[in-house]
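Have the viewer open while you read.

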Amino acid sequence: MNALEEKKKRLRQRNWAVALALVAFVAIVYAITIVKLQGA
Amino acid sequence: MAEQQIGIATETATVRVAEQGASVGDFIALLKPRVMSLVVFSGFAGLYVAPGHVHPVIAAVAVLCIAVAAGASGAINMWYDRDIDAVMARTRNRPIPRGAVTPEQALAFGLVLSLFSVMLMDIAVNTTAAALLAFTIFFYVVVYTVWLKRSTPQNIVIGGASGAFPPMIGWAAVTGDVSLASIALFLIIFMWTPPHFWALSLYREGDYAKAGVPMMPVVAGQRSTKLQMLVYTLILCPLTLAPVFLGVAGWVYGASSIALNLGFVGHAIRVLRSDDLRYAKRMFGFSLLYLFLHFALLCVDRAPGILSVLP
């Protein structure tokens, strides 16, 4: 695998990681909201 | 000479960054996962043994925030210490000196995660826990990393407070306050840090000296360090029993703690009496087990109706 391909692969992995982190953050805030609403 | 070495290492690293870019694993390495695991566990234990009830989702978010904040502090620490990390054998394979992550990326990563963890802790849990979390990050980054680490051999004694806050944060996540029992949990880790860290620095002394970090063995010598390790270990022993007297733990924890303390003091005496650095290495390994077991036993003792009856 050449350097350019490796660079592209790493970029793709980073993009997926950021996307997953954002989705996880949204899910966490969603869950917190439900719990807080139940408590209220 | 050391400064020249640092310069060359940093320059070479920067060139390599431009070639490949960072992988996801490099960013995970910035979070110091091994250090994080003990921090997370002690934070969870503080949350678990605290009196009161918290929704499991909120508890999970609190632990997540502690984990992310610990990782973020680690990333900022690696950004600031990149010059000495490139010189020390133990740290030269970290993402920045290796050239996998640029210092700017590490700093941005750490700052963003710090902000998110504190913000989320405040929104989801409570302001006391969020304030303690923010103070912990500040203490580790500013007080320990920037101020103390390179200026005094007492660096890890005072700086150890940053590693001692997590159980207090976990406790505050449930109760919303800081009580005597949570301070006792804080003090256990605070007093454990010097013998733990100095055991490591005894057999890594050369590394610290090369990097110009004034660790106790470098400044005061091995004999004095070993003596201080024993003193801190002896102060630690009664402190570990404080949770029993404060009603946080029962006899299972108390009896096990006494046995663990005998082992820890035994290690400290063996280190003091011998010039063989293998004993320091063994004490370092035992210290990790010692702290882990203390907090695990706190949780076991608190588990309803399993082993011991709490007052």
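Predicted model: local features only at pLDDT ≥ 70, side-chain atom pairs only at ≥ 80, totals over all residues.

Residues are numbered from 1 along each chain as its sequence is written, and chains are lettered from A and ligands numbered from 1 in the order in which they are written.

Chain A has 1 helix and 0 strands; helices (H or I, at least four residues) and strands (E, at least two) are DSSP runs, numbered from the N terminus. Its C-alpha trace spans about 55 × 10 × 5 Å along the principal axes. Of the 40 residues in chain A, 0% count as buried, where buried takes 20 or more other C-beta atoms within 10 Å of a residue's own, exposed takes 12 or fewer, and partly exposed is in between, with C-beta atoms placed from the backbone.

How many residues of chain B are in contact with chain A? There are 12 of them, and they meet 12 residues of chain A; contact here puts the C-beta atoms, placed from the backbone, within 7 Å. On the chain B side, the elements giving two or more residues are α1 (2-20), α4 (56-80) and α7 (103-124). α4(B) gives the most, with 3 residues. By class, that side of chain B has 7 nonpolar, 4 polar and 1 charged residues. The classes go like this: Ala, Val, Leu, Ile, Met, Phe, Trp, Tyr, Cys and Pro are nonpolar, Asp, Glu, Lys and Arg are charged, and the others, Gly among them, are polar.

Now for the helix pair at this contact. Ile28(A), Ala31(A), Ile32(A) and Val35(A) in α1(A) meet Val57(B), Ile58(B) and Val61(B) in α4(B). The residues of that contact divide into 7 nonpolar, no polar and no charged.

The table sets out the axis geometry. Axes are lines fitted to C-alpha atoms, for helices over the stretch in contact, and angles run from 0 to 180 degrees between N-to-C directions.

| Helix pair | Axis distance | Angle |
|---|---|---|
| α1(A) (3-39) and α4(B) | within 9 Å | roughly 140 degrees |
| α3(B) (33-49) and α10(B) (161-175) | 7 Å | about 35 degrees |
| α11(B) (180-203) and α14(B) (222-240) | within 9 Å | roughly 155 degrees |

The axes of α1(A) and α4(B) cross at roughly 140 degrees, which makes α1(A) oblique to α4(B). For α11(B) and α14(B) the angle is roughly 155 degrees, so α11(B) is roughly antiparallel to α14(B). The cut-offs are under 35 degrees for roughly parallel, over 145 for roughly antiparallel, 65 to 115 for roughly perpendicular, and oblique for the rest.

As for handedness, α1(A) and α4(B) cross left-handed, and α11(B) passes α14(B) in a left-handed crossing. α3(B) passes α10(B) in a right-handed one. A crossing is left-handed if the near helix is turned anticlockwise from the far one by less than a right angle, and right-handed if clockwise.

The contact of α3(B) with α10(B) has 11 nonpolar, 5 polar and no charged residues. Between α11(B) and α14(B), the residues that meet include Trp192(B) and Trp198(B) from α11(B) and Tyr232(B) and Leu236(B) from α14(B). That contact divides into 14 nonpolar, 5 polar and no charged.

**A closer look at α4(B)**

α4(B) is mostly covered, with 19 of its 25 residues buried. At 1.5 Å a residue, those 25 residues should span 36 Å, and the end C-alpha atoms are 36 Å apart, which agrees; the expected span is 1.5 Å times one less than the number of residues.

Leaving aside neighbours within four places in sequence, Val61(B) is in contact with Ile28(A), Ile32(A), Leu120(B), Ala124(B) and Val125(B).

Beyond four places in sequence, its contacts include Ser114(B), Val118(B) and Ile137(B).

**One loop residue**

Lys32(B) sits in the loop between α2 (24-30) and α3 of chain B. Its phi is near 50 degrees, a positive value in a residue other than glycine. Lys32(B) is partly exposed, with 18 other C-beta atoms within 10 Å.

Notes
Contact = placed C-beta atoms within 7 Å.
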